[in-house]
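Please work through each task before reading its solution.

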Amino acid sequence: MKSDWRGLYTAMVTPFDARGAVDPGPLADFLAFQHESGVEGVVVGGTNGEGQSLSVVERMALLEAVLGRRGALGVIAATGAASAIDAATLTRHASGAGADAALVLPPFFFPEPESTGVAAALRLALEASDIPVLLYHIPQVARVGVTPAVADQLEGHPRLAGIKDSSGCTESIRAFSRRPGWQVYVGEDRLASRTAELGAAGVISGTANAFPELVAAAVKREAGAQERLDAVLDVIGKFPAFGANRAILRASGFWLGPPRAPLIALTAEQERELIDALRALGVLRAP
């Protein structure tokens, strides 16, 4: 990862066809839209991309499809997995395929693992990589986070570039930002306007799939942008998030298919309510 990379990265929604297969067809138009909207790059196969619902083979193919259509966008490959071996395999592939960096989630499922075990698992991915690696801290979802004890054990590794902190905890973000050489990316959109204040290099945002210009404006602290973004988040928060993101994209002209089970699409009534509320805010992109 370039040391001067700062700004907004979109945690990209994975395009599926009507049968639920990964569909690279919409990628070129969607990635061009992201670039034209001022986004620095995309994260492929992360939380918003439903990466944990994809097989290792699918994740590799998706990354290659994005890299082939990236244009000037940076590409960060999300390579974390419940299996440390799968995470290392995906990270090695991302490194060879031409991704700019990898984003590695700690192994999950086993409750309250020892910090030495978490660090050992993450070290396998670091050792598999020839590109910079960001750790991924989202304990409210994964139930396993990057604790200070884990970070201490990995400190100074030549491939460790920093972390994406999606905890929403400002003290956690500040603490990571104080670590020498770490670049920190905020993963909570409600903190977008506080990026610089928290010492972070940028934001990795799921909301930027449909609203990249709004999130970018909040990062730049443009007047009223965070308030408008918060209003959008308040609306989206009333619905299942993954189905809502895809419904908004469809209303904006990007059909990326339904989410993959166990996640589900919105009902027709939910979708109408969501889109009407966003139109009332005046934020929905015309298709």
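A pocket is an open set of grid points where a 1.4 Å probe fits, with protein on both sides within 12 Å along at least five of seven lines, and its lining residues have an atom within 4 Å of a point. The model examined here is predicted.

**Exercise 1.** Determine which residues and elements line the largest pocket.

*Solution.* Step 1: the volume of the largest pocket is about 510 Å³. Step 2: its lining comprises 23 residues, and Asn48, Gly187, Asp189, Thr207 and Ala241 lie nearest the centre. Step 3: two or more lining residues come from each of helix H5 (139–142), strand E8 (202–205), helix H9 (225–236) and helix H10 (241–251). Step 4: H10 gives the most, with three residues. Step 5: sorted by class, the lining holds nine nonpolar, ten polar and four charged residues.

**Exercise 2.** Describe the second largest pocket in the manner of the first exercise.

*Solution.* Step 1: the second largest pocket contains about 330 Å³ of space. Step 2: it is lined by 22 residues, with Gly46, Thr47, Gly51, Gln52 and Val141 closest to its centre. Step 3: strand E4 (101–104) and H5 are the elements that give two or more residues to this lining. Step 4: the classes are twelve nonpolar, eight polar and two charged residues.

**Exercise 3.** Identify the residues with the most contacts inside the largest nonpolar core, and follow the contacts of Phe211.

*Solution.* Step 1: within this core of 77 residues, the most contacts belong to Met12, Val66, Leu135, Phe211, Ile248 and Leu274. Step 2: beyond its neighbours within four places in sequence, Phe211 is in contact with Val232, Ile236, Ile248, Leu278, Val283 and Leu284. Step 3: a second, separate core has 16 residues, including Ala11, Ile76, Ala78 and Leu103.

How values were computed. Residues numbered from 1 in each chain as written. Predicted model: local features only at pLDDT ≥ 70, side-chain atom pairs only at ≥ 80, totals over all residues. Heavy atoms only, no water. Core = buried A, V, L, I, M, F, W, Y, C linked by side-chain atoms within 4.5 Å. Buried < 20%, exposed > 50% of the residue type's maximum accessible area, 1.4 Å probe, protein only. Contact = heavy atoms within 4.5 Å. 1 Å grid on protein atoms, 1.4 Å probe; cavity = no way out; pocket = protein on both sides within 12 Å on 5 of 7 lines; lining within 4 Å. Points joined across faces, edges and corners; volume = space filled by probe spheres on them. Helix = DSSP H or I, 4+ residues; strand = E, 2+ residues; numbered from the N terminus. Nonpolar A, V, L, I, M, F, W, Y, C, P; charged D, E, K, R; others polar.
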